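Reader: Please take me through this structure by question and answer. I would like to begin with the ligands and then turn to the domains.

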Amino acid sequence: METKKRIPVIWEHFQECTGCSESFIRSDHPLVADLIFDHISLDYTDTLMAASGHNAEEAKHESMKENYGNYILVVEGAIPIKDDGVYCTIAGRSAVDILKESAAGAAAILTFGSCSSWGGVQAAYPNPTGSVPVDEIIKDKPIIRIPGCPPIGEVMTGVVMHYATFGTLPELDSMGRPKQFYGKRVHDSCYRRPNFDAGLYAESFDSQEAKDGYCLYKLGCRGPVTYNACGTMGWNNGVSFPIKSGYPCIGCSEPSFWDNSPFTERL
Ligand code: SF4
Ligand code: SF4
Ligand code: F3S
């Protein structure tokens, strides 16, 4: 691997909260430092790179020119298309323009997070800025969805590592998600599942039953309809995940979760 050319990566940030970047940098296996120093050349990401302003933009354009057709484009954040895309502009240009330019020379696009994969919370009804996911704008490139709000860090680095190692895209499901990480429902690997099967449900968040591992289905858990690896991989190096912390899954990796979560109230 050490003698292999590192894969160039351009990472765009549009309508987002940077939670996906925060999750990415906490990846423990592989360590994000190993990924960045040994396997990819992260040529542009305005939140992590040392350069800023014109220097950062120049570095991006230089890399895109040199590696045309061979770089991976990562997109974090949705793209607002209402009113000519005015609701997200960077260096005086709209996100939609920047995305089209960055996608033109990309070998493949990874959409990190539910914003770039599905539209995200900014697309919540009535979607005032017209936020859309990447695949509503780019139609001629392979797009790998890595949804979650945010996705698990090791899932993001795992997909990048797969491409860096094998030079191929991972096997995807019918919605463009890597099967390896999104092949099962949270419900399928939830440690509270035996209590679901036994009909033992917590009736309130602060109950002893909730603390004792009773199923959170009656508190709105979306685990039965959510495809993600939280129950098997966990968060923070596998320490926990929402359900283990006593909180129902809100389906953060599923389309339109922002309008369908147990706590959404339509006014
Ligand atoms: Fe933030 Fe969630 Fe969007 Fe990631 S998917 S940028 S965590 S709002
Ligand atoms: Fe399924 Fe949620 Fe109950 Fe876990 S807590 S068993 S995911 S319904
Ligand atoms: Fe999201 Fe549900 Fe996992 S809310 S973090 S998919 S347990």
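Author: The model is predicted. The shell around ligand 2 has 10 nonpolar, 2 polar and 2 charged residues.

Reader: How many residues surround ligand 2, and which are the closest?

Author: A residue counts here if its C-beta atom lies within 6 Å of the ligand. His 187, Cys 190, Cys 215, Cys 221 and Gly 223 are the closest in a shell of 14 residues.

Reader: Which residues come nearest to ligand 1, and which helix gives the largest share of its shell?

Author: Of the 13 residues around ligand 1, the nearest are Glu 16, Gly 19, Gly 113, Cys 115 and Cys 149. Two elements give two or more residues each to this shell, α1 (19-24) and α5 (113-118). By class the shell around ligand 1 divides into 6 nonpolar, 5 polar and 2 charged residues. The largest share, 3 residues, comes from α5.

Reader: How many charged residues are in the shell around ligand 3?

Author: The shell around ligand 3 has 13 residues, and the closest are Asn 228, Cys 230, Pro 242, Cys 249 and Cys 252. Its residues divide into 8 nonpolar and 5 polar, with no charged.

Reader: Which residues does the UniProt annotation "binding site" cover, and what is the largest C-alpha distance in that set?

Author: According to the unreviewed UniProt entry, the annotation covers Cys 230, Cys 249 and Cys 252. They are spread over 23 residues of sequence but cluster in space, where the largest C-alpha distance is 10.9 Å.

Reader: Is Cys 249 buried or exposed?

Author: Cys 249 is placed in the loop between α10 (230-233) and α11 (257-260). Beyond four places in sequence, its contacts are Val 186, Cys 221, Arg 222, Gly 223, Thr 226, Pro 242 and Ile 243. The cut-off for a buried residue is 20 or more other C-beta atoms within 10 Å. Cys 249 has 28 of them, so Cys 249 is buried.

Reader: Is Cys 252 buried or exposed?

Author: Cys 252 also has its place in the loop between α10 and α11. Not counting residues up to four places away in sequence, Cys 252 touches Ser 114, Gly 148, Cys 149 and Phe 257. Because 21 other C-beta atoms lie within 10 Å, Cys 252 is buried.

Reader: Which elements give two or more residues to the side of domain 1 that touches domain 2?

Author: In the contact between them, 15 residues of domain 1 meet 14 residues of domain 2. The side of domain 1 has 10 nonpolar, 2 polar and 3 charged residues. The elements that give two or more residues to that side are α5 and α6.

Definitions and conventions. Residues numbered from 1 in each chain as written. Chains lettered and ligands numbered in written order. Predicted model: local features only at pLDDT ≥ 70, side-chain atom pairs only at ≥ 80, totals over all residues. Nonpolar A, V, L, I, M, F, W, Y, C, P; charged D, E, K, R; others polar. Helix = DSSP H or I, 4+ residues; strand = E, 2+ residues; numbered from the N terminus. Contact = placed C-beta atoms within 7 Å. UniProt positions renumbered as here; feature names shortened; annotations may be inferred. Buried ≥ 20, exposed ≤ 12 C-beta atoms within 10 Å, placed from the backbone.
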